[in-house]
Amino acid sequence: MTVVRSRLLFASALCAAALAAAGQTNGGSGMVHFAGGAFMMGTDPARVDELMARFNVRRRDIFLPELPAHSVTLRPFSIERTEVTNATFKGFLDRHPEWSRDRLPPDRHNGDYLKTWIGGGFPPGEGRLPVTFVTWGAAVAYCESLGRRLPAEAEWEFAAGGGRAIEFPWGDEMPGKASANWSGTGLGKPAAVGSFSPGVTGLYDMAGNVWEFVQDKWRDSYAATSESPDRRVIRGGSFEGAPVNLRVRYRDSHPEKGAGPHVGFRCARSG
C-alpha cells in the first residue's frame, strides 16, 4: 500500500507541475484551458535512430511526418477533457437532422457514415463510447454547433504533453495494459471515454481509444510545402495502435470523408 500511495502522490505532483508549466486552468466546465505560449513541436531528426531502437521500428519513414522539430507559439485556447461521445453526438443530430445518416448526401461520406447506428440511434449501452464512423465535416459541424471548433494540430500536441518534451501523455514510461486503450490492452474496440487515467494535463484518452481529427490538412512532413486536398491529420492512436502510435508527437492522416471505426474527435475553442 505504501508503494501504491507513493506512486499516486508522484503522479499527482507530476500532473500539477505540468499544469503550472503549461499555464493551464483545470476547471469544471468539461474543457481544460491552456494559456498558450511557445513550445517545440515535432521531433529532432537526430533522435530518429534512438526512437527506432526504442520502439523496435525498422522503417525510418514512420517518423518522417513529425520532422523537423520547430518552435510554435500558441494563443490561449481550451480543449475538451474527453472525446465526443455517441450520446452527445445524438443530441447534435436531434438539433441538426441534416447530419443524420439518412439525410447526409452520399457524396459527402464513404458509405460508412454512422454505420452502426439503427433508426437514428446508437447501439444500446454505447452512449459513453466515443462517436466513430463520422467524417471530418461532421466533426466540424458538431463543434461549430456549440460555438467551438476542432483543435489545430499544434494545440492538440501542446495539450497532450503540456508543451513539454515527454514521450506519452502520462510521461516517458512505455504503455502498459492500464495506461490507455491500445493493442496491448487487449480490448479490441473503443472503451467508454475516461476509462483510463488522464494524462499530465488532465485530458483523457489523448493516447489510444480512437484517433482524433484535427483542423489541419495533411502534409508529409512539417517541411513539406504541399497539402493533401482530401486528407486531414489525425492524432493520438487507437485501440489497435502500437506504442509508437501513442506518442505525443506521432502523426497520421485520414480521408475527410472516411468514416471508420477507429477515428473520432474532440472540440476546442479560442481564448
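Me: I am new to this structure, so where do I start: what is a disulfide?
Reply: A disulfide is counted here when two cysteine sulfur atoms lie within 2.5 Å. In general, it is a covalent bond between the sulfur atoms of two cysteines. A search of the whole structure finds 1 disulfide.

Me: Before we go on, what kind of model is this?
Reply: This is a predicted model, in which local features need pLDDT of at least 70, side-chain atom pairs count only at pLDDT 80 or more, and totals for chains, interfaces and linings use all residues. Residues are numbered from 1 along each chain as its sequence is written, and side-chain values use heavy atoms, with hydrogens and water left out.

Me: Thanks! Which cysteines form the disulfide?
Reply: They are C143 and C267, with sulfur atoms 2.2 Å apart. The torsion about their S-S bond is about -90°, so the disulfide is left-handed. The pair links distant parts of the chain, 124 residues apart: C143 belongs to helix α4 (residues 136-145), and C267 to the loop between β9 (263-264) and β10 (268-270). Helices (H or I, at least four residues) and strands (E, at least two) are DSSP runs, numbered from the N terminus.

Me: Are C143 and C267 buried or exposed?
Reply: Buried means under 20% relative accessible area, exposed means over 50%, and partly exposed is in between (1.4 Å probe, protein chains only). C143 is buried at 0% relative accessibility, and C267 is buried with a relative accessible area of 0%.

Me: How should I read a pair of aromatic rings?
Reply: Such a pair is described by the distance of the centres and the angle of the planes. Rings of Phe, Tyr and Trp (its six-membered ring) pair if their centres lie within 6.5 Å; planes under 30 degrees apart count as stacked, over 60 as edge-to-face and the rest as tilted. The structure holds 14 aromatic pairs. One of them is F89 with F92, a tilted pair at 5.3 Å centre to centre and 50° between the planes.

Me: Where do F89 and F92 lie?
Reply: Both are in helix α3 (residues 86-95), 3 residues apart, about one turn of the helix. F89 and F92 are both buried. A second pair to look at is W211 and Y250, whose ring centres are 6.2 Å apart with planes at 40°, so this pair is tilted. It links distant parts of the chain, 39 residues apart, with W211 in strand β6 (residues 211-217) and Y250 in the loop between β7 (231-235) and β8 (252-255). W211 is buried at 6% relative accessibility, and Y250 is buried at 9%.

Me: Which residues form an aromatic cluster?
Reply: F89, F92, W117, F122, Y142 and F265 form one cluster.

Me: What lies over the face of W136?
Reply: A charge sits over a ring if NZ of Lys or CZ of Arg is within 6 Å of the ring centre and within 35 degrees of the ring normal. Here R232 lies over the face of W136, at 3.7 Å from the ring centre.

Me: Now the strands: how do I read a sheet?
Reply: Strands of a sheet pair through backbone hydrogen bonds, either parallel or antiparallel. Two strands count as paired if DSSP finds at least two bridges between them. This structure has an open sheet of 4 strands in the order β8-β7-β6-β9, with mixed pairing. β8 and β9 stand at the edges, each with a single partner strand, so one side of each has no neighbour in the sheet.

Me: How many bridges join β6 to β9, and how many join β6 to β7?
Reply: β6 and β9 run parallel and are joined by 2 bridges; E212 has G264 in β9 as its bridge partner. β6 and β7 are antiparallel, over 3 bridges, and F213 has I234 in β7 as its partner.

Me: What backbone angles deserve a look?
Reply: Most residues other than glycine have a negative phi, and most peptide bonds are trans. F133, in the loop between α3 and α4, has a positive phi near 55°. D205, in the loop between α5 and β6, has a positive phi of about 60°. The peptide bond from L67 to P68 is cis, with omega near -10°.
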